[in-house]
Structure formats: C-alpha cells, structure tokens
Amino acid sequence: MTDATLAVLPDAPAKPRRDIGLRRRYAAERRFRVYGVVAISIGILFLAAMLFSVVTKGYSAFWQTAVHLPITFDEKVIDPSGKRATDPNVLVTANYPLLARDALAKRLGIASDDKAGLAQLKGFISDGVRVQLRDIVTADPSVLGSTRDVWVLASANIDSAFKGQIDLAIAEAGRKVSDQQVAWMNMLRDEGAMAGKFNTGLFTFGASSRPETSGMGVAIIGSLYMMLIVLVLALPIGVAASIYLEEFAPKNRLTDIIEVNINNLAAVPSIVYGLLGLAVFINFAGLPRSASVAGGLVLTLMTLPVIIIATRAALAAVPPSIHSAALGLGASKMQTVFQHVLPLAAPGILTGTIIGLARALGETAPLLLIGMVAFVADYPATPFDPATALPVQIYMWANEAERAFVERMSGAIIILLVFLMAMNITAIVLRRRFERRW
Amino acid sequence: MPLVTVLAIVLAIAAAAYLVARNRAARHVSGTIKQHSRNHYHGWWAALLAAVPAILFLVVWTIGTSVYLEQRIAGQLSAHAGAATIAGQSLQLSLVKSLAGGIRLLQDNGVTTIPGTFEELQPLLSAQGVALASDTQDYMIAMARDANAAADAAGLVGGMLAILLALAGAATGVHQVEPRARARNRVERLVLWALFGSSMVAILTTVGIILSMLFETIHFFREVPPLSFFFSTVWDPRFAAAGSEGSVGQFGLIPLLAGTLYISLVALLVAVPIGLMSAVYMAEYATSRMRSIVKPALELLAGIPTIVYGIFALVTLGPILRDLSAALTGGTPFIQAQSVFTAGLVMGIMLIPVVSSLSDDIITAVPRALRDGSLGLGATRSETIRKVILPAALPGIVGAILLTASRAIGETMIVVLAAGVAANLTLNPFEAMTTITVKIVNQLTGDLEFNSPQTLVAFALGITLFLVTLIMNIAALYVVRKYREQYE
C-alpha cells in the first residue's frame, strides 16, 4: 500500500534549496589546500636551491690539479759546498723552487736562456713545491743526485683554468692565466702529465695564503677538541642537573628560578655566550686567546640547556611503576634513580646529546668573539694551542676574494653538512632502535 | 711539587681507602648484627672523605697562592720602579711572569746558572723559544727568580697539606666502618649535593652573563653618556689610537636597533605565512606518507648551520637579486647586493622550520571535539581551520611568533654576511642596513685594546640585545599562560 501511495501523490512543487554558497565555499576550500601545498613547496624549493648551489660550487674542491714532473735533485743546486754532513740547515734552506722550475722548463722544452719563456713559468706550479721537495730530501738524503718522478701541485690559477672555471674567451690581459700557460696546460693534459688528483690536502693542510696549499686540517682537529670538551663537561653536568630537577628538587621558589633560568638560557642568542666567554674565560681567567679550550667551554655553556631539556623529557617518560616497584623492593631514592630510571632513559639522553653536539658543531658567532678567527698553520697539539673551528674556517674563506677559495669554502660546507647529517642520522637511528613504548 | 703529582697521590690514597674500607666491611657480613649499608658504600664513603676535602683545599690553595704571588710581584715592582701608569704596571707584571716561566723552562732543561743581566739571559731564552721584550730590566730577573722560589715553596707546602688531609680523611672513613654505620645515607647525601651544584650551574651562567656584561657596560658609560648611546641616531666609532683627543666617536643605538627590527620584520613576513600554512596543511590535510617526507625535510632545513645560509645569501642570492633588479630597470640595480631584503629573505627561510614546528605542536593540541563539532555543523575543513582552530590556537601561535622574533633579533651569521656594515637609517628595504649583532662582531674582531670605548660598546650592545630577547621570551610565556584555554 505505501509504495503505491507514494508513487501516485501529486507532485508537490519542490522547495527551492536555500543558497548556502556551497560552490563558493568549496572553491575557497580548494584554494586553501593549494596555499598549503604552495607553502610546503616553497620551503622544500629553498632547501633544494641551497643544497644545489652549495654542491655545484663545492664538488670540484675535492680534486686538485697536479703536474707529473721528473725532478733532478741536482747536488750542485742543493748543496754546492758539500757541507750537508756538518750543517743540517743546508738541506732545509736549499733552493728547491729552482729545481722545480728547471724540471718544468725541461719538460716543456724551454731553453735556459729564454727569459720570456721562463717568466711565463712563474705561477704555473704552486709555491708549495718548496716544502714538498724539502720534505723528500730531508727524509731520504740519498736521493741527492738522482732523478725522481714527483706529482707537483699546480698553482691556484692554473687549477681553476684546468677545471674550466676561468672564462678563457676574455682577453689575455683581463685574466690571471696567459695564453701561453693555457697552451702548455692543454699540451700537458693531452700527454697525460697533468691530471686531477684527489685533494687529500683539503683535509690535512693548515691555513695558508695560497689556496692550493690551504686546507681544513687545523679546523677539523680544533672542532674535534671542542666537541670532546663539550661531551666530557656538558653531558655529566646536564644529566646531574636534570636528575636533581626532575627527581629530587622540592617545589619551592629556588627550583622555579632554576627552571625559568634554564628555559631562558636555551633561547639566549649565541653571540651573548661569546661575550660571556670573552669577559670571563679570556679576560678574567686568562685562558689563551685562540685555544680550543675557551671555545669548548663557551660551547658547553650553550649546549647545557639543550641537554637538560632533553634529559628531563627522557626521565619524565619513564613510567612511575618502575619507581614504585624499585622503592617497594627497598631501594633508596638515589638507588632507584641511578640503577633503574637512568638506564631506561639513556636512549633519550643519548639522542638529546647528539642533537646538542650537532648544534654546537655548527655555531660560529661565539667563536668569532673569542678570537678563533686566526691564521693557524700548524696542527694544535693540545687543546691549549691556537686552533680554529670548521664553521669559522668557512667564514674566513668566505672573506677571501680568490675563486679557488670560494671553491674550497663550498667544499668545506659540504664536509660540514656531511658531518652534521651523519650525527643527525645517528641520533634518529638510535632513537628508533632503542625507543620503548610503555 | 707539581699539581698533577699531588692530585695523583690524593686519588691513589682515595682508591686505597675504598679498597681497605670495603674489605673491612666485608669481614663484618657474617657477624650477628645486620649490616645497614652494602660493603661498597663503606668503601665509597672512605674514598670520598679522603678525596673531596683534599681536592677542595687544593683548589682554594692554588687560586690563593697565584693571587698572593701577583700581589707580591706588583708590590715589589711599585717599590722598585715607582708609580707608573696602569698599563705600564700590568706590562711590567706580565714581563716578570714571562721571565719566571722562561727561567723555569731553562732550569727544567738543565741550565744551572742563570745570568744576572738581561743581555746574557736573552740568547739562552731565545734558544728555548721564549721571546721577551727588549726593555726587560735586570732587577726583574731577580724578582722572577724570587717569585719562582716562592711558588715552589707554596706548592710544596700546599701539596704536603693536601696529602695529610687525604690521609686523615681516609683514616676517619676506615675507622668509621662498622655494621651500624649509615654509610649509604652519607654517600647519598654527598651525591645529592653534587646534583644540586650541577643545577646551580644554570643560575651561575645567567649571573655570569649579566655581571660580566654589566661591568664592562658601566665602564663604557663612564666614557660615553647613556643618553647619547640610547637616543643618538649616528653610529660612527672612529677607530683611533687610545688617548688621543677627539677619538671617542659617536655611538648611537638607534640606527642599529632600526636595522635589527626592520630585518626581523622582513624575516617574519616571509617565515610566518609560509611556516603557519605548512603547519596547518601538515596537521590537517597531509597523508602520513607526505608527512613522513616533508617533516624530515623541514627538520633538515632547521639543522643547517646559519653560516651556510649566510654564504648562500652572499654568494648566490645577493647577486641574483641584484641582477634581477638590474634587468627589471634595464641598467641600474635597485636592490643592493647586501640589503635588508636579501638578509630578511634568507633569515625568513631559516625561520620557516622554527615557526612550522612550534605551530604544529600548538595546532595538534587543540582538542578533536572542537574540530568534530565544527565539521558536524557543516563547515568545510578550511572554514573549520580559519574560524575555529586558529582562533583557539591563537595564544600559542602568538607566543610562537614572539619566540621566532626573538630568534631573528639575535641572529648573527646571516646578517654579518648578507646585510651591510653601514649604519644607515632608511625605510627602503633595498638598501643596506646593519644590525646590533653585526656591530658586536665588528667591534670585537679588530685589533683594539680592551678598555677603549670602541671595544666596550660591544658589551653595551650585548646587554641591550640580551634584555630585549629576555623581555620577548618572558612576554611569549606570559601570553601563552594567560590566554590559553584550559581544555579538559
């Protein structure tokens, strides 16, 4: 009965649907989603642009042009009076650049009286050849009088030209390499006597005024010392402070002040820590000015709030049942914390520490103020010797104008980013591996 | 006696005390009275009793003797040479100290007779690699030797006393071992004090920051009146030799503060819309697969050191913007290579992940009931977000913006490389302006003596910066706490 009734009811006029602007609102909804996607894309686009620009500028820093030369260690040039048995200084101060120049002249077929040709040789190979040949001779004086094949670094300008970074189309007067030098370079390359070699010097050399003999060795060691100091100082003090605040502190005024302080210190600009380090560690305590020890102490103070906040979160995540069980079995509060809670919170503490260390590795501003902008050519033997740090080295190279320094600076940024990425990935992997779901 | 040897002896005594006490406690285990603490607590109590007083004493003694020796040398110098300028006195003091160090080095290397005049001494010292100023006086040699002798005597006495203290502590600790002794409580109380001391380091740091900058700022305000520092619109430090007239220069904060605020404003205009929209999209619309790609990417952006951003601005973005503006006007670029716009843009990029992660936490904290209620009444998702969720999250978002602004104000490396060093006061964002942080770095990385106003102004700027960021952080906390809705 019902179905038939419904089917034969006269058609009532359909009520007009009220216009609630559905189309407009759905269009607004679609636009909103597009805005969101655009915002995320802009962020990722900038990230990609930065990484791209850094990598394209820097990857060529990892190899260095070298020339394969047969060098005759001529006794008449190195030790003309035959005094090397009595005076060790003779081998150290001999005229090694002359040997290199003669070898290069012979290789390129320039006669020894061709003044113009010899003048063009200047600036073809690096001035660091003096140190290289000197080290060969002082290590093995029997090499005198013989001829050895040596790979000698090319100078920075030739290196840039070899890598195609110099525009060879502009007139000769407007560029750093002459046409004759370019012709020699091409000839040597075709003969296989000039090639790019992996630039171990980037990792081992100290500071230098020439790009081809400068490297990050001192900066890497300095950063390593500072990271060690931060680890040794900030981790125990930070964990101890967190344990006190989380487990033992009474709820009084002093505890409030300490907590507010720690939250504040986490947000203080890093340059203020640099000023603190300058006033207290360098002026008041008299620590040596460019030493890793001062930088390490400043970075410790900066990393402490980060570690404290991460450790507190890790300690708070341990469920109360563990506390209760330990206390119920007769442990004292201290025993509960140190023998039961702390081991369970260890993964979180570790992750927080690694992230804090990664932040400290990338900090530049406080180190600038305590004098780590220094030209340090020798490796620091102890943390009290002058050193520099990775980001500060990048900053110093950024202030140089030569093209080869720009390339090295970008190479150093790549190395810094690789270190940081390794630390962050370690932290993430450790967190995933040891994370416990209570 | 060198400090390291004394320290090693004290630690050895402590280790021996641990072993003796622990073994002594172990012998009581089978007795009739139940032992209160485990054996190793007795051991630790003896070791701590041996080590801690001795080490504290050594610290106090070392600091005390070095202060005493300095006073002694200064007294001898002023008695001998008469009144000199403060700089002259400190120079003489450091000369005597270097002489003392050099003579000690010579004696360590076997030189038995030290000549009495400087001409004979200098070649010996240079052979050891110690270079001294040529105006070192002969009487200073005698003073240096006297100082060395006094230091040696003090070291010997202090070392002996420390070892005696350690032995006394060890003996007391071992003597106190008996079954009823509450060794665990004593050890735990000491550990508690150590934990408390560690948490005081935070307060010490804040106090240190404020005091150290305050002292230097007070020195600065003795030479430059505070009103002219805070309200002058000219920044012109005029580096000149100390002591020459007319070399004070003008130190006005206003152009630096204006630059800081302007660049931070541009940075926030870039970072807040993009960061907020990304956070909203990720919280509401994104699939978990997209979240697992985008969240790590944003974290990567956050982990890049600021110097890399600065170099990106200096080497890549600055020239691009300049050439772009030159192409737009067909000739002269209106965007400088180092300008407020460049620095603000790059700083904004750096702050996007900060805003995004802070807002993400806040938006996901809004309870589902509000969201579901709005959707149930027929609102579209974007309307829900715009009219229900964002207003509910507004206090938190305002707090996040304030925190981001305080980070932007304190940022150094990006502005050092991307903004200029010219203290300009202009409204044109395409010109160069400089900030407080750039000037702090500039004033302190030159070769200036420490007490000139040019260097001290850096501390005045630093304390201003610290106070401004402190006020913003406290304001952020206050806003969040006061206006936050308490949801059950």
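This is a predicted model: local features need pLDDT of at least 70, side-chain atom pairs count only at pLDDT 80 or more; totals for chains, interfaces and linings use all residues.

Trainee: Why are H18(A) and H19(A) called roughly antiparallel?

Mentor: Helix H18 (residues 390-398) of chain A and helix H19 (residues 403-434) of chain A pack at about 160 degrees, with their axes 9 Å apart. Angles over 145 degrees count as roughly antiparallel, so H18(A) and H19(A) are given that name. H18(A) passes H19(A) in a left-handed crossing.

Trainee: Which residues of H18(A) and H19(A) meet?

Mentor: From H18(A) come Leu390(A), Ile394(A), Trp397(A) and Ala398(A); from H19(A) come Phe405(A), Arg408(A), Met409(A), Ala412(A), Ile413(A), Leu416(A) and Phe419(A). By class, this contact has ten nonpolar, no polar and one charged residues. Arg counts as charged, and Arg408(A) is in the contact.

Trainee: What makes H9(B) and H11(B) oblique?

Mentor: Helix H9 (residues 288-303) of chain B and helix H11 (residues 340-365) of chain B pack at about 130 degrees, their axes being 8 Å apart. An angle has to be over 145 degrees for roughly antiparallel, and 65 to 115 for roughly perpendicular. The value for H9(B) and H11(B) is about 130 degrees, and the pair is therefore oblique. The crossing of H9(B) and H11(B) is left-handed. Lys295(B), Leu298(B), Leu301(B) and Ala302(B) of H9(B) make the contact with Ile349(B), Pro353(B), Ser356(B) and Asp360(B) of H11(B). These residues divide into five nonpolar, one polar and two charged.

Trainee: How is H13(A) placed against H16(B)?

Mentor: The axes of helix H13 (residues 270-284) of chain A and helix H16 (residues 453-483) of chain B come within 10 Å and cross at roughly 135 degrees. That makes H13(A) oblique to H16(B). Here too the crossing is left-handed. Ile271(A), Val272(A), Leu275(A), Leu278(A) and Ala279(A) in H13(A) meet Ala458(B), Phe459(B), Gly462(B), Leu465(B) and Phe466(B) in H16(B). The class count for H13(A) with H16(B) is nine nonpolar, one polar and no charged. Gly counts as polar, and Gly462(B) is part of this contact.

Trainee: How much area do chain A and chain B bury between them?

Mentor: They bury about 6,200 Å², 80% of it on carbon and sulfur atoms. Phe32(A), Met50(A) and Leu275(A) supply 11% of the area that chain A buries against chain B, more than any other three residues. In terms of contacts, 68 residues of chain A touch 69 residues of chain B.

Trainee: What makes Glu383(B) and Arg25(A) a salt bridge?

Mentor: The cut-off is an Arg or Lys side-chain nitrogen within 4 Å of a carboxyl oxygen of Asp or Glu. For Glu383(B) and Arg25(A) the closest N and O atoms are 2.7 Å apart, so the pair meets the definition.

Trainee: Which parts of chain A does the salt bridge of Glu191(A) with Arg107(A) link?

Mentor: The closest N and O atoms of that pair are 2.8 Å apart. Glu191(A) is in the loop between helix H9 (179-190) and strand S3 (194-198) of chain A, and Arg107(A) is in helix H5 (residues 96-108) of chain A. The two residues are 84 residues apart, and the pair links distant parts of the chain.

How values were computed. Residues are numbered from 1 along each chain as its sequence is written. Chains are lettered from A and ligands numbered from 1 in the order in which they are written. Side-chain values use heavy atoms; hydrogens and water are left out. Axes are lines fitted to C-alpha atoms, for helices over the stretch in contact, and angles run from 0 to 180 degrees between N-to-C directions. Helices (H or I, at least four residues) and strands (E, at least two) are DSSP runs, numbered from the N terminus. Angles under 35 degrees count as roughly parallel, over 145 as roughly antiparallel, 65 to 115 as roughly perpendicular and the rest as oblique. A crossing is left-handed if the near helix is turned anticlockwise from the far one by less than a right angle, and right-handed if clockwise. Contact means heavy atoms within 4.5 Å. Buried area is the accessible area (1.4 Å probe) that two parts lose on being put together, summed over both.
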